[in-house]
Structure formats: C-alpha cells, structure tokens
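Dear colleague,

I am handing over the structure that we spoke about, and my notes on its cavities, one of its pockets and its salt bridges follow below. Please read them with the model open beside you.

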Amino acid sequence: MSPGVQVLREEGLEIGGCYEGDRWPEERVYTSLHKESSSDVSSGIDAALELAGDSGRWQRHLFLIVGLGNICVVFQTVGAVFINATPGHWCDVGLAQTFNGDNTNITTMDLFIPRDNGGYSTCLYYKRNNTSVINTITPQYNLNDNKDEQLLSEENKIGTKSADKISADEGDNLGDDSAIGGIGIGKLSYPDGPTERCNKWYFDRSTFDTTIVTEYNLVCDRRWLSSSVQVCYMLGFLVGSLIMGDISDRFGRRRTSLFCSVSLVILGCSCAFMQDFWGLLVLRFLLGLAGAGISLVNFVLLLEVVSLKLRTSYGMLYGMTFGLGFPVLAAFAYCIRNWRHLQLAVSCSSALMLANFKLLPESPRWLSTKGYQVEAVRVLRNIAKANGRNLPPDHEMIKYIKKPKEDPDQSPKSFSARCINILEVQFTLVRTPNMRRRCLVCFYMWFVAAMTYYGITFSGGNINANLFVMTVAGGLVEIVACSSSIPLVKRFGRRNISCSFFTLSGISCLLILAVPRDHVYTNFVLMNVGKYFVSAVFGLAYMYSAELVPTSVRNVAVGTSSMFGRVGSSSAPFIVDLMGGVHWALPSTLFGVLALIAAALMLLLPETQNTSLPETVADVEAADK
C-alpha cells in the first residue's frame, strides 16, 4: 500500500511524516508553511534546502536507500504467506501412505480417514486396530513387502494387491475392529466406524519441505496458534509505529533507522534458529517493532529533504517499493522451500541495509530543530555538492537556520498532564455531532481498508491459488493501484472514489462465494480485483481523513484512525485462518460485506476536494449545516 501521502492538499501543508498502517509511515507533524511564520526554524531550513537543491540527484539516491529498507520490511511483513503456509494434511495413522495395486491404488486415507465435504477429513480418523487390518490383508492376499515406498516404520510392513481382486466376502472378514471406513473400493463397501481426533499429522510436502505449521503441528485445534504468528508481528508493528516516531524525534532519524535495521537482521536470523514456539512469537513481535521503525523513520527522513511539490510523488514511489518487495520475496520462497532456510535467507539479504552506516545521512531538518546547526550545514553542503549547487559560507548558513528561542508557553508538560491532554483531545473528536459522524466513519474506513487489504494478501490458500503467483500478482496490482488512483481522485473527488472503490472491492469479494472453489483462476482474478480497489482506498484514506478534521485536532484524529487500521490488519490473520477453516469463502464474504457497509457510510461524509480546510471544530459544525 502506498504511504498516505497522496495529494495532501497543496494549499500550504507540509507533512513531516505519514501514517504507517501496519506498513505505512505514521503521521508525524503538520506544519504551516505560510510566509508569516518565517521566524520558525522550519522556514529557514526549507529555504536552505531549496538553495542546496531539494529535488535533485541527492534526493534520488536517498530514495533508493530508503526504498531498499522498505523492501526488506516486506520480506518480514508478507513472508508469513510462505513460512507459515498450511499445506494439505491428514491424520497420520502410522502406516504406509499408499498400497500400490495392479490397476488401482488403495491409500491409507481410503482405509482409515473419513470423507469430509468431498475430501478427506483433516482432523479425524477412524478408530481401528491397525495391526488387525494388516494381519488380515497381508496373509490372505499374498501382499508383497515394499519397504522403500510403503513403510513409515520398520514394524509396519504392507504389500500390494489390486483392490478389485478382493472380493466383497473377503472384505467382510475385515469387519468389526478392523472395519474400514465409508467408501467403496472395487467390489468392497467398507462400513463407517467410530472416529477420533488426530494427534499426529501427515503433511503434503509437494510445495514446501517445512513451514512453521508443519513443524509445530499448528492445525485443527491448534490452528489459532498459526494465526498468532502473524498477529504478533502486526502487534509489534502497531507498537513500533506508536513509539518509533518519538524515539526518532529524540535520537535522530539516522540513528533510529540504523538501530532498527540492525535489529531487523538480528531478530530475523534469530527467528530461523529459535526452537521454542513461544520464543518465536516474542521474536516476531520484536521483528514487527523493528520493521515499523525502518518504514516510518526512513519515510519521514525522505519527506524532510524533498520539496513540497514533490512530496506526493516521492510518497507514492516509496509506497510502490512495498509492492516491489512482493515478487522479490516470491522469488526467494520459490527457490527455498524450508521455512527456516527461507527466513535466514531473507534476513541475511536485509544485511544490505547495514551499508546505511555509510550511506544514510541525518535529516538536516531534525539537526537544525535540535540546535545542531554545524552538522546540519555539513549535510546541506553534501546535498549541494551532489546537486551541483553552491552555498553561502558556513557562518551565514548557520545564522539562516539558527534555532529560535523556545516559547515558554510551549515547554514540555509533565507526563500526567500530557496524558490528560490526550484524553481531552480524544473527547473532542466525538463531542459534537458533525465531528462525531466524520470521525466514526473515518475510524471504520481505516479498519475495513486495512483488514480487507491484509485479508486478501493472506487468503491465497483459501482459494487454492498458487502462493507464488498470488504474491507476485498482489505486488503488481499494488503498484498499479498506487499509480492510477491519483488522477482519478483529482478528477472525481475523495468521497466518490472512496465510495465507488469500496463498492467494487466488496462486490469482487462477494462474487467469490458464488464461484466454486475449484475455479481457481476465476477466484484469483476476483481476489486481485478486490485488492486493487482496496489498495487505492487505503492510499486515499490518509488524505481524506486528514482533510475532514480541523487543524487543532488533525494529528490526533488521523493517529486514532490509523490505530483502527492497525486493529483491522491484526485481526485479518485470525479471520483468514479460523473462518477459512469453517468455509473457504467466509473470509472474503465478510470482507465484501464490511466493504459495502463502508461504501454506504462514505455517503455521510462531505467532499473535501477544492475546499478550504477547517481550522476549528466550529468550522466543521458550521460546514455541515
């Protein structure tokens, strides 16, 4: 999803950062760029950046550096599609998987696993006396041992005989304790028997050698633990998005980004070696925290050194690097089918970010704000040199960007006072009727957009789609959505596009319910159409929600909306895995219904295109009368 930097009102608004909806950079600061604020240090640094060049080769090089970091974050964010995949599985009854006959194969699934919805049950098996079955079949029909193909253990020796050579009378001799479950093979009709739940499984390893699911048996009653692998990562991303902005404000963009980059590599490699499942969940949480720091801080750094008119373009391009990470990840996964080896490979490749110790600069805007004018001038000279510009002498530059004296009225408050202030501002969002309507709809819009986006991303297994193709296509769809939605928004407006795209995404998801599961390509197309439209809405959500609320509470309103988005993305794995276990189309149906409700709620919002931004709550209340 592209960072929500899309067309954030080109009427004098600067974005010091944007929302990282589980992978977009979180909102940082809106700063007025009106000329009457020239006493503010931001005006001086803006002019200094313009003098050094705020749209040249240096900015393009920085974009490549931070874009690589975003791709590395994709490896961990979307990597669960492969490392946590759930292959086909059945109860392992401790016998050979196949009896090879002359004309027909009788499998142990045919003999011991009940049928369920047209296939084999994944969690139940017939309670049989396996030894009695084997002893009955082997001597009577002169079955030949084939230890290479038919033994799971040295004690279980089973041979081969064609099923149609076993008479019905002979089959009846298997009755009672050795009765075999409800299918017909040749002339045999085996009666049903009592069933039990599995405690051991046989996994289809035709696609993946191992995954987290196969290693820890995260199926059936333990299926929710499979979802928790990705949920822990998403929760870490949520916490990281909340705290990394403040950390980077205090310690700097460069140091925070480098710390998170090193942490991502170390934690990612540690996941590959962690044997304890609960320890793996802790590492996944910390991995999400580090990923959020890289994505957020790098994005803020990029926006702080480019011109105002190019911030939208760079923001969109930065979002596209997330889409570029999808096919790269799929290539890794296609070549490496063991989850530990794959996790280690993508984490080690992320070590390329360690070159940032030499390549990544500090933000001159942050340096000047914190009073490090000499260091800020040094970075500005590097920018000017790369862009072919000349700067005045250092002492003049230092005067130009010198930090003004801090207003005592704006001095930091105590922690308790800040908490009380946050609660008061939150109450402001819902205290008056029009603000309440706008904010509640925005919260729901974020929640549904994030849930549907990630739900579709992780739903490839539910529609039996090839996970490699699904991932590559998802990345390409995202790139197209990022690039094509801007002109549509400019022409038709925020509300109309949000409403229309939510509707089309919802319809696409609902149509999956009407298509049989074995029509894989039809469902594949519907999924990606739905993802295209919800990706575009996700990109639009930040801009639209920012324009709906007054300046006095804009940061808090957008931040709260982003929190609902993170809740939606964190719930998506549970919906896909647990509801998908009940019926494969239930998750997409839920996404479709919620998207259509969101489309209807969009009609309750006003259009904000080509309108003045509200400055106070009173402006909002007056505008809707």
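Which residues line the second largest cavity? The lining consists of Val78, Phe326, Ile456, Thr457, Met470, Thr471, Gly474, Asn528 and Lys531. Two or more of these residues come from each of α19 (433–457), α20 and α22 (520–548), and α20 gives the most, with 3 residues. (Helices are DSSP runs of H or I with at least four residues, strands are runs of E with at least two, and both are numbered from the N terminus.)

Before going further, please keep in mind that this is a predicted model, in which local features need pLDDT of at least 70 and side-chain atom pairs count only at pLDDT 80 or more, while totals for chains, interfaces and linings use all residues. Residues are numbered from 1 along each chain as its sequence is written, and side-chain values use heavy atoms, with hydrogens and water left out.

Cavities

The search of the whole structure finds 4 cavities of 30 Å³ or more, and the second largest cavity holds about 50 Å³ of space. On a 1 Å grid over the protein atoms alone, a cavity is a set of points where a 1.4 Å probe fits but cannot get out, whereas a pocket is an open set with protein on both sides within 12 Å along at least five of seven lines; lining residues have an atom within 4 Å of a point. Grid points are joined across faces, edges and corners, and a volume is the space filled by probe spheres set on the points. By class, the lining of the second largest cavity has 4 nonpolar, 4 polar and 1 charged residues, where Ala, Val, Leu, Ile, Met, Phe, Trp, Tyr, Cys and Pro count as nonpolar, Asp, Glu, Lys and Arg as charged, and the others, Gly among them, as polar.

The second largest pocket

This pocket has a volume of about 1600 Å³ and is lined by 48 residues, of which Thr86, Arg223, Gly461, Asn464 and Arg517 lie nearest its centre. Among the elements that supply at least two lining residues each are β3 (89–91), α9 (223–251) and α20 (467–492), while α23 gives the most, with 6 residues. The lining divides into 20 nonpolar, 22 polar and 6 charged residues.

Salt bridges

The structure holds 3 salt bridges, each being a side-chain nitrogen of Lys or Arg within 4 Å of a carboxyl oxygen of Asp or Glu.

In one of them, Asp221 pairs with Arg197, with the closest N and O atoms 3.2 Å apart. Asp221 lies in the loop between α8 (212–216) and α9, and Arg197 in strand β11 (residues 195–197), so this pair ties together parts that are 24 residues apart in sequence. Asp221 counts as exposed at 55% relative accessibility, and Arg197 as partly exposed at 43% (buried means under 20% relative accessible area, exposed over 50%, and partly exposed in between, with a 1.4 Å probe and protein chains only).

Glu215 and Arg340 meet in another salt bridge, at 2.5 Å from N to O. This pair links helix α8, which holds Glu215, to helix α13 (residues 339–349), which holds Arg340, across 125 residues. Glu215 is partly exposed at 32%, whereas Arg340 is buried at 12%.

Arg253 forms a salt bridge with Glu304, with the closest N and O atoms 2.6 Å apart. Arg253 is buried, with a relative accessible area of 6%, and Glu304 is buried at 5%.

With best wishes
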